[in-house]
Amino acid sequence: MSALADRPADPVVGRRAVHESAALHVTGAAMYTDDLAAQTAGVLTAWPVQSTEAHARVRVDVSPAYEVAGVVRVLTAADVPGLNDAGVKHDEPLFPDEAMYTGHALVWVLGETAEAARLGAEAVRVSYERLPSIITVVEAIAAESYQGSARTVARGDASAAMAGSAHVFEGVCEVGGQEHFSIETQASLAILDSEGQYFVQCSTQHPSETQEIVAHVLDVPSNRVTVQCLRMGGGFGGKEMQPHGLAAVAALGAKLTGRPVRLRLNRTQDITMTGKRHPFHLTWKAGFSDDGLIQALEATLTADGGWSLDLSEPVLGRALCHIDNAYWIPNVHVHGRIAKTNKTSQTAFRGFGGPQGMFLIEDVLGRAAPVLGIDPAELRRKNFYRPGQRTPYGQLVKDAERLPTIWAQLLDESDFERRRGEVAGFNAANADAKRGIAVTPVKFGISFNFSAFNQAGALVHVYKDGSVLINHGGTEMGQGLHTKMLQVAATALGLRLEQVRLAPTRTDKVPNTSATAASSSADLNGGAVKNACEQIRDRMATVAGRLLGADERDVRFEGGFVTALGRFDERLSFAEVAEAAYLQRVQLWAAGFYRTEGLHWNPDQMQGSPFKYFAYGAAVTEVEVDGFTGAPRVRRVDIVHDVGDSLSPMLDVGQIEGGYVQGVGWLTLEELRWDESDGPHRGRLLTQSASTYKLPSFSEMPEEFHVRLFENAREDGAVYGSKAVGEPPLMLAFSAREAIRAAVGAFGPVGRSVVLGSPATPETVFWAIEAARAAATVDGAARQKPDHTAGLVPAAATEG
C-alpha cells in the first residue's frame, strides 16, 4: 500500500462535497429504522413497564396485560434462553428483579399496535419493596458507593512541589451531565426469517457489539444474527452501548412470536431510560510560581456512573488523560473513581470524558488568573506544552509547536487586543450589563483508549460496468462519515464521486467492527477503504498496462479514466478496464483492513502512548451578560482548528460549528435535575422534555461565527493526511464559559477570583454576579479604612 497520507494529483478528498444523503434529509425522504418498521407487514410494537422507584425489589404480575385487546405477549426474564444481560460487563440485567433507577424497564409488552402495547404495559401490576437509594455523587462519596476500577495518573512529586509553590489555590466543583437528545430516539426492528436467522435493523453506533449482545441473549452464535444500520438521526455517543439491550428485546420478541418486532422509545422514555454524559465531582489543589507557571496539580475526579458500569471506566480513563489539556504540568497526582448511583447508567457522549478532564484545568486557570494578577490569555499561553515535552501519562506531545501558531493566528484574525479594549470601555460605561472576551485552547488525543478497537475493515466491489460499491464498518449519524468514505474511495480509484456508491453498514459484510466513536472513524475506516481500493487498482493497473502497452507502474487512474505515462493521447475508461479485467479472470473486489500503528497503553499503570496524534485548536468568544437576569448572549466566536489536510472541508467546518454549540449547551444551558428529596418521587428525572431541559437553539447562536481550518497541517500518520474532527471542537466552548467568567468578574472588584457553577445557567450566573457585587461593596467599604494587606495574595481560592 502506498503511503497513507499521500494524495494523488487532483484528488476528490479535500473538495467541498455535499453530504451523501443531503437531498434525502431536506426532502424528508431519508429512511430511518422506525420508518422501515412502519413499512413492515405484521409488525408488533414493544412497550416498557418502567419502575416508579429509584431502588426497589420488584414483583411483576403480567397477567392483567393479557386482558387488554391487542396484547400478544409480555416478555419477562423467564423467556430469555441465553444471558439475561444487556451489556458486556454482565451488570445490566435485561429483565431485572431489582429496579435500580426510576424509569428502569422491568418487562416489555408486545402489542398489535403501539396503543395496545401501551395499555397493556399500564395494566401490568408491579409491587415494590423500597430500598435505600443514592441519587447524587456527593451522597455516593459519603456512602463510599463506587464501582469499577479506580485509576491514578501521576508524575513527579506533586506534594513536595505544592509545598514549594509561591501560590496555592484549591477548590471543589461539580460538572453537570448532558442529555444526547438525538432527533431520532433509540430504535430497533427485528425479524426472524425461515432459516432461523435474525435480521436486526438498529440505530446503533456499534453494530458488531449489538450483534454480540443479541446473540448472547438469544443463545445463538453471532453468525445467525445480522445487524444493519442504515443511518441514525444523531448519536453523539448515546447509541454506542445503549441500543444493545433494546435490540435484544426486539429480537427476543421476534423469536417468541415469529413476527417482526419494532421498538422505538418515545421522547420521555428515551430521556428517562437511557444514559447521559457523566457528571463529575472535582476536588483540586494547584500550585503556581510567581510568574504564573503551573508547578503542581493534585485532584480527585469522581464520575457519576449511574447504576451500572456501561462505558464509565474508559470515560474516566480519558478524563484522566485530558486533565492537562494544552498545558505542561511538571508534577501531577490525579485520582479517578466511579460512583454508583440510582440513576440512568451514564454513557459515552461526544468527548468521552475529555471535556470533564479539561474542565478541571480550565477552571483552575480561570479562577487563579485574577488573583495572580496575570491576564488569563497570557497565563494560558505561557503554560503551553513545548516541543519535546510529554504528558503526565508519558506520551510525547507531537506537533506541540502547532498550538502557539494557531493561538497567534487566532488572536490576530479575531482582532483580540482591540476588542478587549472595546469590552473594557463598554463595561466602564454600563453598570447593568457587562461583556467578557476570552480565548482557550484544545489539545485532544485521537484513538480509542482500548487499543483493540483501533482497527477497521472494508469491502469494496468493482462491477464490470465500472461502478463501485463500498461497505465499511463505520456508521452514519449525520456527521458525514459516509461522504468522506466515498471521497476516499473515489480518490484511491481515480474516479468521479458519482461513480461510487455506499451500502448500509452490515455485520455480514464487514465483521468485528469497532464503534463509530472516539473521533476515529474516518481514520480507521478510511484506512481500510483505501487499502481495499488500492488492492483492486493495482490488479487493474496490470490489465491496463497490457492494454496500453505500458509498464503497470506507469499506469494512472484519474477522473474515471486510465492512462499511462508517455501515452496520454491514449486513454481507457475505468469501465473498459474493469470489463477487460473480468474477462481475464482478475479479482475485482477486495477486503481492506487498517490498524493504527504506534499505540501502546497500560490502563492499570495509566502510562504509555494511547493516542495516534493530538488535534489542536483555539477559540475566542465574546459574550454580554445581563446583570438583572444573568442571561449571557454570545456576540462573536472566532475559531482556528487543526483537522490536518481535510478530507471534506465543508463537512469539517460544520462539525466544528456543531461541536462548539453543543459544548456551549453543556456548559451554559443544559441542566439535568433529579428529585433529591426523600419523598415518593425521589430519583425521578425532573427534566424529561424540551420544555424543562434547555437545548441550544437559533437564539443562542453567535451573532458572528468565524471558523477557519488550520492550513499546511498534513498528518503523516492518517488517511490522506487528515485529522479527526468529531469531538475536539466541543472543548472550544470553554472560551464561552471563560468569557462569561470575565463578564461576571467585571461586576466586582479587580483581582477577585470568580467561582462559576456548571452549567453556567442564567440563574447560576445571576448569583455569581450578586456575589461579585457584594464583594465590590465590601471592597468599597474597605477602601475607607487603612489597608494593611495590600500586595498579599490569598493562599487559597476555595469555592464556598
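1. What does the accessible surface of the protein chain come to, and what share of it belongs to carbon and sulfur atoms? The surface is about 29,800 Å², with 52% belonging to carbon and sulfur atoms (Shrake-Rupley method, 1.4 Å probe).

2. This is a predicted model, in which local features need pLDDT of at least 70 and side-chain atom pairs count only at pLDDT 80 or more, while totals for chains, interfaces and linings use all residues. Residues are numbered from 1 along each chain as its sequence is written, and side-chain values use heavy atoms, with hydrogens and water left out.

3. The radius of gyration of the protein chain is 28 Å, which agrees with the value near 28 Å for a compact globule of 800 residues (taken over C-alpha atoms; rule: 2.2 Å times the number of residues to the power 0.38). Along the principal axes, the C-alpha atoms fill a box of roughly 100 × 80 × 45 Å.

4. Of the 800 residues, 60% count as buried (under 20% relative accessible area, 1.4 Å probe, protein chains only).

5. The secondary structure comprises 19 helices and 29 strands (DSSP runs: H or I, at least four residues, for helices; E, at least two, for strands; numbered from the N terminus).

6. Helices H15 (residues 521-548) and H16 (residues 574-583) have axes that come within 9 Å and cross at roughly 100° (lines fitted to C-alpha atoms over the stretch in contact; angles from 0 to 180 degrees between N-to-C directions). H15 and H16 are therefore roughly perpendicular to each other (65 to 115 degrees). Met540, Val543, Ala544 and Leu547 of H15 meet Phe574, Val577, Ala578, Ala580 and Ala581 of H16 in this contact (heavy atoms within 4.5 Å).

Terms used
Parallel < 35°, antiparallel > 145°, perpendicular 65-115°, else oblique. Buried < 20%, exposed > 50% of the residue type's maximum accessible area, 1.4 Å probe, protein only.
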